[in-house]
Amino acid sequence: PSGITEIPYGAFENCKNLASLTIPSSVTKIGAQAFSGAEKLAFTSLPSSVTEIGEFAFFGSKGGSSITLPSGVTSIGDGAFAGMENVTAFSVSSANANYLTENGVLYNKAKTELLQYPKAKTATTFTANTSNATSYVETIKPYAFYDCENLAQVNINYVSKVETMAFANCSSLETIYALGVTNAEIDAFSNTQWIENQLSNNDGKVVLGELLVLYAPENKTTMNLSDWDTNIMAIGENAFAFSDVETIYVPSRVSRWNEYAFANAQELKDVYVEKMNNSLLNSLRVKENIFGGNHEDFKLHVTRSDSETIAGMGQNALTGIPREVISTTVTCINNGVTTTRTLYYDENYTLAEDGTVNWLTQTDNVVYQNTGVWKSFESELTLNGIAANENWLVYNGTNISPVPLAGGDIVSLSYTTS
């Protein structure tokens, strides 16, 4: 009816016999899944009044050979036009401030995100970034290539992230070039020939360029990344969630751990890090939930390298890391007097369950503080000092919380092996 402004969520979902539609010019929003599964629905354009298209709005519908998007559209949800049987190209006015199309493919205006590749496009190859590009596609959005059965080869070099179901059901896809990809969700390549080949020929491992996407071999309880692939630089989300691995050895070159990298590996007891370098610390600063859902005896074993600092580490960066510390030497400069103490986890201080640190206050009235995060079986950790008036982090068994420092004129922080 005329006068309506919105087609709500799921309004015509799975209406299998719906073949055509007329949307009034008063409509500004098409809700999520509004026409999802309407497999006979054919159309070539939407009213210029439409500014918002919800996720999966036309998922699996028929469409037309070309879909023209409204010039004023400001928001398009994930998978809004995925799996549309007849679509070979998308187009949008060059005056649109939010989106553009190139060779029939839909991108955001900055061309840093690829939103939708037409399912019926006949090309068998696709390259996301060319060497002379003025901007680079950084993210392949969810369902961007869903069910594109003609694609046999894609080049996604220099793309940073491939999101959920991005290439799922691309049954002919066998070759992927992915230099520089640092994260891809496990289901991004579901039901492709490429992932079938990876699983059958690579002993249950899925490796995309320099990224470990999945590790799920049978009857393997120990994994050493140093032994089997020198190219791996990053660990993807939930990479070990489907494995029975108990012990993992991580070399220093694997310097990027994505969110949930080791999460949900229920048998995982020990992760040994060859060297906690600054590249890895930079990665951890912006990630949460790297661990979690592991064995009840889980421990992270870390050896710090000389003179490296962790100043400025962000809150929640190390959520899930156990709080035990073997011993720590604290040097505090208080009113010009240097005092050194060796603190032991079970003797000289307590770590309160509310996330605060109760370090032993010595007779000289100096309050010693640390974060209780790092653990190493290989060597002690030496704390050379903490910058005054800064917040550091403490793991309280559930999450990481900032803790204000107290005490004298304390100087710079660094961890070194002794």
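**View 1. Helix α1 and its buried side.** In helix α1 (residues 193-201), the buried residues are Trp-194, Ile-195 and Gln-198. They span an arc of only 90° around the axis, so they sit on the same side of α1. The arc is taken from the directions that lead from the helix axis to the C-beta atoms. Buried means under 20% relative accessible area, exposed means over 50%, and partly exposed lies in between (1.4 Å probe, protein chains only). Helices (H or I, at least four residues) and strands (E, at least two) are DSSP runs, numbered from the N terminus. The model is predicted: local features need pLDDT of at least 70, side-chain atom pairs count only at pLDDT 80 or more, and totals for chains, interfaces and linings use all residues. Residues are numbered from 1 along each chain as its sequence is written, and side-chain values use heavy atoms, with hydrogens and water left out.

What do the buried residues of α1 pack against? They pack against β14 (175-177) and β16 (205-208); contact means heavy atoms within 4.5 Å. The face of α1 turned away from the buried side carries Ser-200 and Asn-201, which are exposed. Just after α1, Asp-203 takes a positive phi of about 55°.

View 2. Four strands form an open sheet in the order β16-β17-β19-β21, with mixed pairing. β16 and β21 (256-257) are at the edges, each with a single partner strand, so one side of each has no neighbour in the sheet. α1 packs on the sheet and touches β16 and β17 (211-215). The direction of α1 makes about 130° with that of β16. Axes are lines fitted to C-alpha atoms, for helices over the stretch in contact, and angles run from 0 to 180 degrees between N-to-C directions. Strand β19 (residues 234-235) and β21 run parallel, joined by two bridges. Two strands pair if DSSP finds at least two bridges between them. Ala-234 stands opposite Arg-256 in β21.

**View 3. Strand β4 and its two faces.** Strand β4 (residues 66-69) has a covered face with Ile-67 and Leu-69. Ser-66 and Thr-68 make up the uncovered face. Strands of a sheet pair through backbone hydrogen bonds, either parallel or antiparallel. Here β4 and strand β6 (residues 89-92) run parallel, and four bridges join them. Which residue of β6 stands opposite Thr-68? That residue is Ser-91.

View 4. Side chains of opposite charge can pair when their charged atoms come close. A salt bridge is a side-chain nitrogen of Lys or Arg within 4 Å of a carboxyl oxygen of Asp or Glu. By this rule the count is seven salt bridges. One of them joins Lys-16 to Glu-39, with the closest N and O atoms 3.7 Å apart. This pair links distant parts of the chain, 23 residues apart. Lys-16 lies in the loop between β1 (6-7) and β2 (29-30), and Glu-39 in the loop between β2 and β3 (52-53). Lys-16 is partly exposed at 37% relative accessible area. Glu-39 is partly exposed too, at 43%.

**View 5. Salt bridges with buried partners.** Asp-147 and Lys-119 form a salt bridge, their closest N and O atoms 3.0 Å apart. Asp-147 lies in the loop between β11 (139-140) and β12 (153-155), and Lys-119 in the loop between β9 (113-116) and β10 (125-127), so the pair ties together parts 28 residues apart in sequence. Asp-147 is buried, with a relative accessible area of 17%. Lys-119 is buried at 9%. Salt bridges that share partners also join Glu-6, Lys-29 and Glu-52 into one network.

Lys-111 and Glu-102 meet in a salt bridge of 2.8 Å, N to O. Is Lys-111 buried or exposed? Lys-111 is buried, with a relative accessible area of 15%. Glu-102 is partly exposed at 36%.

**View 6. Gln-33 and its surroundings.** Gln-33 lies in the loop between β2 and β3. Gln-33 counts as buried, at 18% relative accessibility. Leaving out residues up to four places away in sequence, Gln-33 touches Tyr-9, Gly-10, Ala-11, Glu-13, Glu-55, Phe-56 and Ala-57. A polar contact of 2.9 Å joins the side chains of Gln-33 and Glu-13. A polar contact is a pair of N or O atoms within 3.5 Å; within protein, one must be able to donate a hydrogen and the other to accept it, and residues adjacent in sequence count only if both atoms are side-chain atoms.
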